[in-house]
Amino acid sequence: MSVTPENFCDTPVVSPCISVCRMDPGTGLCEGCLRTIDEIAGWPALDAEGKRDVWARIEERRAWLRKAVDS
């Protein structure tokens, strides 16, 4: 299935899980996928748009973590 503007929101979104499932008590994020426990638990119920929103937050967290490490 090719992605077009008409079906973009219906395109399946892959899970960010990489099977490194440990919650960091300091951040409250999974060390593998950088999701919160609520995001992990709610993933199956989210529609494609909701899953893309989670991915956007993950990218923001990655950028924040990179900055923190580089400082």
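What follows is a working chat about the predicted model shown above.

Reader: Before I look at side chains, how many helices and strands does the protein have, and in what pattern along the sequence?
Author: This predicted model has two helices and two strands, and reading along the sequence gives the pattern β-β-α-α.

Reader: And what share of the residues is buried?
Author: Of the 71 residues in the protein, 25% are buried. The accessible surface comes to about 5100 Å², and carbon and sulfur atoms account for 59% of that surface.

Reader: Which residues make up the largest nonpolar core?
Author: That core has six residues in all, namely Val 13, Leu 34, Trp 43, Ala 48, Val 54 and Ile 58.

Reader: Staying with Val 54, what is it in contact with, if I leave aside neighbours within four places in sequence?
Author: With those neighbours set aside, Val 54 is in contact with Arg 35, Glu 39, Trp 43 and Leu 46.

Reader: How many aromatic pairs does the structure hold?
Author: It holds zero aromatic pairs.

Reader: Changing topic, where is Gly 32 found, and is it buried or exposed?
Author: Gly 32 is found in the loop that runs between strand 2 (29-30) and helix 1 (37-42), and it counts as buried because its relative accessibility is 13%.

Reader: What does Gly 32 touch, not counting residues up to four places away in sequence?
Author: On that basis, Gly 32 touches Ile 18 and Val 20. The C-alpha atom of Gly 32 is also separated by 6.9 Å from that of Ser 19, a residue 13 places away along the chain.

Reader: Now the cysteines: how many disulfides does a search of the whole structure find?
Author: The search finds zero disulfides. For Cys 17, the nearest cysteine sulfur is that of Cys 21, which is 4.2 Å away, whereas for Cys 30 the nearest is that of Cys 33, at 3.8 Å.

Reader: Why does Cys 30 count as buried, and why is Cys 17 put down as partly exposed?
Author: Cys 30 counts as buried because its relative accessibility is 3%, and buried means under 20%. Cys 17 has 37% relative accessibility and therefore counts as partly exposed.

Reader: Last one, on contacts between residues at least 6 apart in sequence: what share joins residues at least 24 apart?
Author: Among those contacts in the protein, 39% join residues at least 24 apart.

Terms used: Residues are numbered from 1 along each chain as its sequence is written. This is a predicted model: local features need pLDDT of at least 70, side-chain atom pairs count only at pLDDT 80 or more; totals for chains, interfaces and linings use all residues. Side-chain values use heavy atoms; hydrogens and water are left out. A nonpolar core is a set of buried Ala, Val, Leu, Ile, Met, Phe, Trp, Tyr and Cys residues joined through side-chain atoms within 4.5 Å. Buried means under 20% relative accessible area, exposed over 50%, partly exposed in between (1.4 Å probe, protein chains only). Contact means heavy atoms within 4.5 Å. Rings of Phe, Tyr and Trp (its six-membered ring) pair if their centres lie within 6.5 Å; planes under 30 degrees apart count as stacked, over 60 as edge-to-face and the rest as tilted. Helices (H or I, at least four residues) and strands (E, at least two) are DSSP runs, numbered from the N terminus. Accessible areas come from the Shrake-Rupley method with a 1.4 Å probe; for residues, only the protein chains shown count as cover. A disulfide is a pair of cysteine sulfur atoms within 2.5 Å.
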